[in-house]
Each structure stands twice: as structure tokens, then as C-alpha cells.
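Here is a short briefing to read with the model open beside you. Take a look at the structure first, then we will walk through it by topic.

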Amino acid sequence: FTAYLLSEECDLFDPEHLSVCQDMTHPLSHYFIASSHNTYLLEDQLKGPSSVDGYIRALQKGCRCVELDCWDGPNDEPIIYHGHTLTSKISFKSVIEAINEHAFAYSEYPVILAIENHCTVKQQQTMAHYLKSIFGDRLFASSVDINRTTLPSPEFFKGKILIKGKKLPSSNESSEGYVTDEDEGAEPEKKKNQKRVSYVPFILHTHAHKYWEMNSFSESQALKLALSCPEEFVNHNKKFLSRVYPNGMRVDSSNYNPQDLWNCGCQMVALNFQTAGLMMDLYHGWFQKNGACGYILKPAIMREEIAYFSANTRDVIPGVSPQILHIKIISGQNFPKPKGSAAKGDVTDPYITIEVFGIPADCSEERTKTVPHNGYNPIFDESFEFQINLPELALVRFGVLDDDFIGDEFIGQYTIPFECMMTGYRHIQLLSNTGNPMENCTLFIHVAITNKRGGG
């Protein structure tokens, strides 16, 4: 019976979402897209190593949008590194070869290369040569179809590599003068002196925008829009792609909360994949949906022309039935001590947290009591209830922590989209802080979901 309870049949994760189960024929702008920031970096943003491994790891984790900061290198060979910093340099060609090898190993849907281009015309021509010769037919190189009114779909672009970047006008005859759409490495002073178009009119006057054009926002620019004009931001993102990247001040490669920007319909919310922790837990948990293919269809209320939605609403959302999530934390099995243990004793004093992430009205946190001196088979037997107003955007995170620990009390966690939760008695396989399964380390729970208007 224990073996059955621990089997895949009793897993919390809905098996339907183990493969692609959503409609993949909507415009690209109707999907959340797994995106990485400064993908080549393995550590911090100032002096750490750059490596092709960064691209391989991100693509293996289902990432569909990777970033390439391109600069002039020696012997007319373009290089990739974080400009104006001491990060090490890698060749553009080696990155393109690695992307070509790993692009579609985990998902057949399109890979987007976000190119930040600082190269002179001569080295841009070298870049173009490598893109065409290495990717071959995989490179989507057709001209824009001006008769369309919306972006093509992930299904349309299946198996293709798309380039996001700016190019110099064909009339440009200068051999220098690079072009780039966001210089994340530039010093703030430099940025102040550049004549840059204000980002707000893009959002509010989308009629002047062409469907294939997109915006890149720093995290603080995007959060300003999320607070000042949330409805307009959602409406903009129905038709146009937005990419958000961490503020330049995050030199330690820390991450912001991606949920705040998913709530506004931003598709490419780019994080530093190399930095483990809560934000990447949310990211990997979220992108388990839809077969972990890196594309998740947005809720209808964030796609439909006539729908009106603000993430900050406290009201019941029209056409969406609130759900009540009932969770009983029953017991735990084989909890190890936290890594680098500095606890007072040799045993674990575990407690469980349940956090709900989603629109602000849905965010909440509960915790169990502590079970003293028992990490082997602690019994909690406590029940909690959460109201979820927008189930399609909600994530539930289970955390296991040690109350007797000084410093980092983290033991394990598991993050799951609300829509992927199965009801009944379920075991959760806990994950380490790097997202790897912890052997035999499980949480036993019971889940029930009821419609607020009655019914199960």
C-alpha cells in the first residue's frame, strides 16, 4: 500500500501536463515564454565566467529565449561577454554551435535569440554568416508578412530559430556605428545621456506599433507600468511581445519576482538562470505546465480583445469562478538536515510552509507547527484553506524548513501550478535548492478543490 501511495499514480502533478496539452496555434503574444537573462554568465554580472555551458543548461531546463551580448573580438571574430565588465569572453561562433545542437532537444517550439548588438558592420556580417551557415534551414529568415495583423503561432514556428534584435538601415554606409536595443551593461550615467524614446507612449499608443515589433523593459520600468497602468499594460501584451530583464543593480545575479510581470501578461520575463532560490523555484514550477515546452497559453481574460483585466483587482473576475483550495499536510518522510548545518542538535525540527503566488488578491502564506526532533517521519496533521480568484495564474509552493537551524533553514521545496494539482491523497517528491529531486524525501498531503459557488 505504501508503494502504491508513493507511485507515479499518486503524484500531485497532473499527468495531462506531462506533454503539450494547450492550443499552440494562438499568436506568440498569447503565451508566456521561458526566458533567460545574460545566458552566458555562470556567476555574477561583473567578473564571473562566461561559458557556452550557460546556454546548454538553460536550454536543457526548457528555456526558449536566450540572450547574446555581442561585441567586436580579435581577428574579426565576434565575441560574447557582459560589456564594460570583467566577465570572461567566449566566441560568438561557439555559442551558435551549442544552441544549434541543443535548441530542440527538450522542446520543438521556437527558440528566440535576443541579440544585444555592439559590433561594427564588418563583424555583424560575420555574425550573419555564422547564423545562416550553422542554423541553415532552422533560421527563420522570411520577410515580414505585412498582410497579417498578429504574430504567427508557436506551431507555425515549430523547429525554427528566431532573431530578436535591431539592424542598421540599408542606407547606412558607416563602417562603425553599432546598433542595439538595450545596453544593459552600460553605466547608468551613460544611459541618462542617451536620447532614448520614453517607454510609456509605446504602451498607450499601440496603434502606431507594428505587430512584429517588441519592447524591452528593465524590471523597474516594467513594474512602474504594472502599477500605474495595469489594464493598458495587459492590453498591450495581448498583441505585442514584451521582454523584461533584471535591473543593472543586480550585480550578484539575483532575481526579481516573475509573477508580478506575468500578472501583466509580459511574455518574456527574463531571469538569471544560474541563481537558485525562490524566484527560480517559481520559474521552473510555472514552466512545468504544458509539457515543459517553454510556452504557456495565457488565461483567456489576458488574450481576448473585449476582456478587461487588471492584476491589482480585489473583485471577483468576470467569467472566472473562484476556487477554494483545501490542503491537509499529513506527514513527512526522510527530511535531511539543512546543508551546511549549524543547528543546535543532530536532529531536525521541521515545519512546513504553504505559499500561494498569483494575482495580489490570491497571494497568501500559512505554516504548520514545528515537530520537534523528528526529520524521519514527522506527523503534522494540519489543514489549511486558500481562496484562488484567478486559478490559471496561481502557483502553490510547499517549503520544508528546520526550526532549530541558525542561518539558512531550507530543507526542500516543491512548486506547482494550481491548475496542475491533482486532488486526493498525494505524495510530493521534494526538490533541493538547485531544483534536483531529493531521494526518498517526500511530503504526504491531501488536496481538495471546491468551487466557491458550490460543487467539487
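This is a predicted model: local features need pLDDT of at least 70, side-chain atom pairs count only at pLDDT 80 or more; totals for chains, interfaces and linings use all residues.

**The chain as a whole**

- The protein chain has ten helices and 19 strands; helices (H or I, at least four residues) and strands (E, at least two) are DSSP runs, numbered from the N terminus.
- Of its 456 residues, 54% count as buried, where buried means under 20% relative accessible area, exposed over 50%, and partly exposed in between (1.4 Å probe, protein chains only).
- Among contacts with a separation of 6 or more, 73% come from residues 24 or more positions apart; contact means heavy atoms within 4.5 Å.

**Around Ile324**

- Ile324 is buried, with a relative accessible area of 12%.
- Leaving aside neighbours within four places in sequence, Ile324 is in contact with Glu385, Phe386, Gln387, Ala448, Ile449, Thr450 and Lys452.
- Ile324 and Asn451 are 127 residues apart in sequence, yet their C-alpha atoms are 6.1 Å apart in space.

**The second largest pocket**

- This pocket has a volume of about 1,100 Å³. On a 1 Å grid over the protein atoms alone, a pocket is an open set of points with protein on both sides within 12 Å along at least five of seven lines, whereas a cavity is a set of points where a 1.4 Å probe fits but cannot get out; lining residues have an atom within 4 Å of a point. Grid points are joined across faces, edges and corners, and a volume is the space filled by probe spheres set on the points.
- The pocket is lined by 44 residues, and those closest to its centre are His284, Gly285, Gln288, Leu431 and Gly435.
- Helix 2 (52-60), helix 10 (278-286), strand 17 (410-417) and strand 18 (424-431) are the elements that give two or more residues to this lining.
- By class, the lining holds 17 nonpolar, 20 polar and seven charged residues; Ala, Val, Leu, Ile, Met, Phe, Trp, Tyr, Cys and Pro count as nonpolar, Asp, Glu, Lys and Arg as charged, and the others, Gly among them, as polar.

- Strand 17 pairs with strand 16 (residues 395-402) in the antiparallel sense over seven bridges; two strands pair if DSSP finds at least two bridges between them.
- Within strand 17, Gln413 is the bridge partner of Gly399.
- Asn433 lies in the loop between strand 18 and strand 19 (437-451) and counts as partly exposed, at 42% relative accessibility.
- Not counting residues up to four places away in sequence, Asn433 touches Ala276, Gly277, Asp281 and Phe410.

**The cavity**

- The count comes to one cavity of 30 Å³ or more, and the largest cavity has a volume of about 30 Å³.
- Ala34, Lys61, Gly62, Tyr283, His284, Phe287, Ala292 and Gly294 line the largest cavity.

**Salt bridges**

- A search of the whole structure finds 13 salt bridges, each a side-chain nitrogen of Lys or Arg within 4 Å of a carboxyl oxygen of Asp or Glu.
- Glu67 and Arg243 meet through their side chains in a salt bridge (3.0 Å, N to O). Glu67 lies in strand 3 (residues 65-71) and Arg243 in strand 9 (residues 241-245), so the pair ties together parts that are 176 residues apart in sequence. Both Glu67 and Arg243 are buried.
- Lys289 forms a salt bridge with Glu419, with the closest N and O atoms 3.1 Å apart. Lys289 is buried at 1% relative accessible area, whereas Glu419 is partly exposed at 34%.
- Lys47 and Asp44 also form a salt bridge (3.3 Å, N to O); Lys47 is exposed at 60% relative accessibility, and Asp44 is buried at 17%.
- Glu108, Glu155 and Lys158 are linked in a network of salt bridges.

How values were computed. Residues are numbered from 1 along each chain as its sequence is written. Side-chain values use heavy atoms; hydrogens and water are left out.
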